[in-house]
Every structure is written in structure tokens, then in C-alpha cells.
Amino acid sequence: MKRFLMGMRVLLSTALACLVVFTYSPAVYAFCGFYVSQADASLFNKASQVVIARDGKRTVLTMANDYQGNVKDFALVVPVPVLLKKEQVRVGEQKIIDRLDSFSAPRLVEYFDSDPCARYEAYDRMTSNAVGITRSAAPAMAAKERRDYQVTIEAKFAVGEYDILILSAKDSDGLESWLIDNDYKIPQGAKALLQPYIRQNMKFFVAKVNIAELSKTGSQSLRPLMMAFESPKFMLPIRLGMLNANGDQDLLVYILSPKGQAEVANYRTIKVPSGSDIPVYVKNEFGDFYKSMFKTSYEKEGKKVAFLEYAWDMSSCDPCSAEPLSNDELRKAGVFWLDSPNNSGIMPSGRRRPIFVPNDGRVFITRLHIRYSRDKFPEDLTFKETSNQESFQGRYVLRYPFKGETTCDAGKEYQRSLRPRFEKEAQTLARLTSWDIGDIRRKMNISVLPDPVEVPFWENLWK
Amino acid sequence: MLKLPFALPRSLTKFFDASNSLLTSPFKDARYYQILFLSVFLLLGVSTRDWSLKPIAIAITFATCWLTQICMISIFPSPSQPEKERWTSLKSATITGLGLSLLLRSDSYGAIVCAAFLAIASKFIFRTNGKHWFNPANFGIVMVLLLDQYVWNNHAWVSNGQWGEDSLYALVFLGLGGIVLKKVGRWDTSFMFLAAYSILEGLRNLWLGWTWDVLAHRLTSGSLLLFALFMITDPRSIPNAKNARLIWAVAIAVLAFIFRNVFFNSDAMFYALFLISPLTVLGDRLWKAPRFQWLPKRYSIQT
């Protein structure tokens, strides 16, 4: 009986099989405020998450795995640069990837205007950020017959709930036949795409689920796979995952480095628009806002760039959308250059939370969001570490107007200033997201505000 | 005489005289073209390619280049150059400054000063028979990159993808670069380098089995074109004779290819040029030719 293996799954997850969950926890410390959490919502479809911890040539790659179908049918094929032994492969924790995600996700910040008639300063409060879940699909295809595969099983071992094979092949015909004859359904056209990886001397990491082991873990969801290796190649083989994909695919890469920011070396990397004031009603639609904004920016750039969403030293954050990761959590994420593996403790509440680590214990996170399709991204992604320590974050500002009585002159000025300010916010939002400006104005209730009637300049002079 | 549909006042006729060289080539010194075009690229990059360059960083680059040039030329005067013409050497320093601003990125000023100083200083330290053999901007960049990688966090890097792979920019580079190269007569070097590199990448593409758009993507990188058109064609530091230049260009292409595809180094081109540069001396010894001069001189030219 033929087992149904999701061929698409196999190849989509060749680069990175997973589900993205952008969640964030409530009650995070931040300056003068608290976070408001929002419900989970699917933001990006077919997105994958990968964590790469890299120092020089040493790499720890974590692929999040969110397979949606029957786990019996799950299979993963990833080209890897070197032969991996059992000691180099581990099962990771999805929780850690989620923590990285929430730490670096785009965030909303709330500011409340103070009473214009009073003299004290405005206080600030922090809000939380976007959320999203993604899903991926995986069709399957037919097979062929062949005898001499010229495929060598270099290693075979079990790690956690996975049964893993490391294959090396001489040509793609053989590899394709071997995969098909061993009940991996791979899509048509895979042969042509496997060839470059075979020629580059890459090995194939093939993982299947061991049902007995999975039931021992007590959960139905598959945990991320981690692999540690040393290779000068700093890349992600996204081309293999493009087979049979309809349209764009999303990829979130978290690069952890002791040096500084990482960037994509063979495509342009630009920063996601950040820092704008947007209307306050977006607070309830932050997910939609971010999705539209990303889509607009992506299309404006001709669909051929990678976006930088976050770049920061992980010992601090400002504002924080999640607690910084402890040393222990960082180790679980793959960071191998920290001196002491001990938990350095939770920070007290406050604005920033510097964790005092020695210099070589620095971890810098770069969050890259890449939406790719076959025509605009023909090459596999290559990354590059730099010693750029500049910080960047996706941050959007809500300014709440003062709601109380404003009878003084300054108050009246303030009220008059609101309408142009809201109009500007509406225009910013329309520009960022390509939403209809009429809709935005309606939702903001701009018309309710008093018209900014021009006060003649002599009125203040000759009252 | 240009034929115009209206009558010109006599005082202006001399400007429209066809024999007026200003009309045909306003700049005698090709360096002005290079400065103009590189400035255009810098402006383009900052305004359309979204680079986060700080104006202070650019100012520091130029200031350091100029200061170093003035100091160095006073300490190591060139025997053929009269003193009052020393100021014209600032044009070369400006070009170096522009090259550094376009290519090198840094988030600390120390690295920028270091790169600019080393770039200009290399012209005076590494010279044989009065000719410097390192391209100054290239030397500055490579030294800072090496320091960054092997010594300490120098906070300097090169963003290879900063131009993207837009064919529009490719055309702009080729066009403007072509004008400069025609003026200095070094089209052959660029062409040879690009041809050799393209052939090597093409062969690799064929062997790997990728489709042709992968190759196109690799070759239309703005950084590659800028390098090929402006960096390896600096006429004062590359071999003088044509044969020597062609071999030299091929050698750089081969080395850059090896660095990129065997050692997986993204900054392959810069290292390749850096390593091949000392061979200029050998090239000049084997093939004799007059040294390039920006402005034609009346007395005999040194090799």
C-alpha cells in the first residue's frame, strides 16, 4: 500500500518546513507601560521560520516544523553542505522559536497626549504587536522506475521522533528514483532542481516521523530540527522549495551572530518602513495593517528585495515586545559562543534591560522577512555577517488625543491641531498600506472633529 | 559652425564655434568625468537605493583623503611634478573618497578614517619607479575588511547587494562608465574582465544545471559592474601596456571566481584585485609602455 507522502511538503520544507506563529505574551516590561496582547491570527500564508546561529564557519541551523497533515505522511528533504552525524542533529523546541519571533516582531507603541491645559509631561505606555500564523499545503506527484540509484546512505539514525537519513547522490536521476521508490512522493521538475545541489557536493538530509517515538512525547505536533555543522557556505536553499509553489512564499530568518547584523549578500536588503504615526484605530487591526504594509512595500520594490524587520543586540530592547531571552534559551536556540551556559536571570522591570555579558558573549539578532517567488528570486539566498551594530526595529506609533475638557486657549489650539494631525496620519496609513483613504477617514471619524478654522493673527494681539 | 535658426550676438558666437573644445569635451582631465559620474552614482544610491549613509561619514572620508594626500605629497614629493601642480592631485584623492563612500560601509568613524588614510598612504608607500601599484580605494577597503575579520571588530563591511540587480542601473553604469573609459582608453581592461568572469560563471552555471536566469542574476549585480568599470580600470595603477592589462584583467577574473565559488567569499572581487595588484610591476617590466598621464605633459614621460 502506497503511503501518501506530501511531496510538496517534502520540497517546500526543503529549505524550511514550518509554521510561523507570531505570538507575544502579555505583561511585558517596558518603560512606563504594559503590553496589550492580541489574539492569534493568520498573517502570512506558507511562511517558514529558520534560525541560523553563526560564528565564522560554525553554524547551528534550526528549522521550525509545522506540518499540518497526518504525521505518518510527513517527510523532509533538505540539502545540507556537509555530512551530518547523529551528534550533530537534535530536536529543538518550538517555544524558543516563538520567543525569538515575539522578541523581534514589529511592535506598536502607544503615546497618550497630556492635558494641554495642564503643564506636566505626557506619560508613555507600550502596546504589543502583531501576530500571525501560517500554514502550508503539500500536494504529491507520481513516480518512475529505476534500479541503479547511485545513492549512498551515508548515515542513518534516529533523533527524537524523527528517523533521519543522510544521503549523497551522484546524479539527480538516481536520487529521484531512490526517493520515489522509497515512497517519497516528489513533484515533477524536482530532478532538474536536485541536480545543482548534487553537483555542489551537498548531501541530503531526509527525515521521517517515527510514530512510536512521537506518541512517547505525548504531543501531535512535530518539533523543530536542529543541525550543527561547519561550512563556509552561509546560505539557504530556497530554490528547491519553490517547486509547485503557487505564488509567493514567505520566509522568516533569524540570524544570531556575535559580530553584528547579517544581511542578504546576493539580493538587496532594505528596512521595512518604520516609525510612522498611524491612526489609533489600527490597534485593533494591527495584523491586517502589517500584512498590507508589507505587501505594499514588497510590491513597490518590484518584489525582489529582502526586508529587515529587526536588528538588535539581544541583551536589551527598547521598547520590548517580549522579555529578552535568557542565556539558557539562547543556547537552546543554537547560540554556542556564550561563555556560561547558566541562566543569567530575569531582569527587573524597567526601561532597558542590559544583561551584563562579556563582549564575546554578545548575541546580535537580525530578523529578515523574505517573500520570494520563482521569477524574482532565481538564486538561493546567500547571507553575510557584518559587524554592523546599528539597531533597527519595526515600530509604529499610536498617539491618543487628550479626551478631557480643554477650555483654555492652549486647549482650543490643541483641538484645532487635531484634525490636520489625523489627516496626516490617515495619509501615512494610506501610503503605507494602500488602503482606501475614504475608508480610513471614516473609521477615524475625522469629520467629527472641529474644522481647523484659521484664527486671524490679530485676534491674539487685540483681544 | 553650428547652424542655429536664429542669429547669435557676436559675443556669443565663439562659444558655438565647433572648434571650441569646451563643446566637444568640456573637461580636459578625465578625472573630472570620473568625479562627476561617481558623484551621480552616490546620489542615486542614497536617494533611490535607500542606503543609510550618514553625511558626516562621507565628510570624514573626503576630509581624511584630502588631508592625507596633502601631507603625503609634501613628505614624498613626486620628482616630475612641479610644486604648484600638487593641488591637482587632490582630484585623485576625491575619486578615492568617492569610491570609498560608494563601497565601504561602517557604523564607526574610526574605521572610515582608517580606510581613507590607508587608501591614500598606499599610493606613497607601495611604489616602484614612481608608480603606485595598489588601487587606493581597493587597498583601503581590503585592509579594513581584513582587520575586521581577523583582528578586531572593525565595524566596516561591504554591502554586495546594495544596488540590487536592476537592469536600469546596469545600463547607467555601463553608459557612464563607458564614457570615462573611452577618455582614458581603458575599455579593454573592463571588457576583458567582464568577459572572462562571465564565461567562468556561465560555465559553472552550465555544469551545475541552473537555468540562465540564475546566471543573469549573478552578473547584473550593480557592485560587480561598478567594480569592473571604475575600480580595476584606474589607469595610474594598472599595467601600462595593453597586453599586460588584458592578462591582468583575466587573472583578476579567475581569482575572483575562485574566491567566490570555492571559498564562498562574497567580497571576492576586492580580494582578487588586491592580490593581483603587485603583479603590475611584473607586467610593466615584461611589456614596456608609457605610463598613463591624466594631463598630457611636455617633457618626457616616465615609465
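**Notebook: strand 18 of chain A and its surroundings**

I began with strand 16 (residues 268-271) of chain A, which pairs with strand 18 of chain A in the parallel sense over 4 bridges. I note here that the model is predicted. Within this region I looked up Lys271(A) and found that it stands opposite Leu308(A) in strand 18 of chain A.

**Other partners of strand 18, chain A**

I next asked how many bridges join strand 18 of chain A to strand 19 of chain A. I found 7 bridges to strand 19 (residues 364-372), and the two strands run antiparallel. Asp313(A) stands opposite Phe364(A), which lies in strand 19 of chain A.

I also looked up strand 21 (residues 392-393) of chain A, which pairs with strand 18 of chain A in the antiparallel sense over 2 bridges. There, Ala311(A) has Phe392(A) of strand 21 as its bridge partner.

I then asked why strand 18 of chain A is described as largely enclosed by the rest of the structure. Of its 9 residues, 8 are buried, so the strand is largely enclosed. For this step, a residue is counted as buried if 20 or more other C-beta atoms lie within 10 Å of its own.

**Nonpolar cores**

I looked up the largest nonpolar core and recorded 90 residues. The residues with the most contacts inside this core are Val51(A), Val206(A), Val253(A), Leu256(A) and Ala333(A). Strand 18 (residues 305-313) of chain A supplies the largest share of the core, with 7 residues.

As background, nonpolar side chains tend to be buried together in soluble globular proteins.

I traced an open sheet of 4 strands in chain A, in the order 4-11-10-9, with antiparallel pairing. I asked which strands of chain A are the edge strands. They are strand 4 (75-80) and strand 9 (151-159), each of which pairs on one side only. From one strand to the next, the twist averages 20°.

Inside this sheet, I looked up strand 10 (residues 162-169) and strand 11 (residues 203-209) of chain A, which run antiparallel and are joined by 6 bridges. Tyr162(A) stands opposite Val209(A) of strand 11 of chain A.

I then turned to strand 12 (residues 225-230) of chain A, which pairs with strand 3 (residues 58-63) of chain A in the antiparallel sense over 6 bridges. Val60(A) stands opposite Ala228(A) of strand 12 of chain A. Strand 12 of chain A also runs antiparallel to strand 5 (residues 89-91) of chain A, to which 3 bridges join it. In that pair, Val89(A) stands opposite Met227(A).

**Glu413(A)**

I located Glu413(A) in helix 8 (residues 409-433) of chain A.

**Chain B**

I recorded 14 helices and 4 strands for chain B. Of its 303 residues, 40% count as buried. Among contacts in chain B between residues at least 6 apart in sequence, I noted that 73% join residues at least 24 apart.

I examined helix 4 (residues 55-75) and helix 5 (residues 90-103) of chain B, which pack at an angle of about 150° with their axes 9 Å apart. Their crossing is right-handed. Residues in the contact include Phe62(B), Cys65(B) and Trp66(B) of helix 4 and Ala93(B), Gly97(B) and Leu100(B) of helix 5. By class, this contact has 7 nonpolar, 6 polar and no charged residues.

**Contact between the chains**

I finished with the contact of the two chains, which takes 27 residues from chain A and 24 residues from chain B. On the side of chain B that touches chain A, the elements giving two or more residues are helix 9 (187-208) and helix 10 (212-219) of chain B. Helix 10 of chain B gives the most to that side, with 4 residues. By class, the side of chain B that touches chain A has 7 nonpolar, 12 polar and 5 charged residues.

Key: Residues numbered from 1 in each chain as written. Chains lettered and ligands numbered in written order. Predicted model: local features only at pLDDT ≥ 70, side-chain atom pairs only at ≥ 80, totals over all residues. Contact = placed C-beta atoms within 7 Å. Nonpolar A, V, L, I, M, F, W, Y, C, P; charged D, E, K, R; others polar. Core = buried A, V, L, I, M, F, W, Y, C linked by C-beta atoms within 7 Å. Buried ≥ 20, exposed ≤ 12 C-beta atoms within 10 Å, placed from the backbone. Pairing = 2+ DSSP bridges. Axes fitted to C-alpha atoms, helices over the stretch in contact; angles between N-to-C directions. Left-handed = near helix turned anticlockwise from the far one by under 90°.
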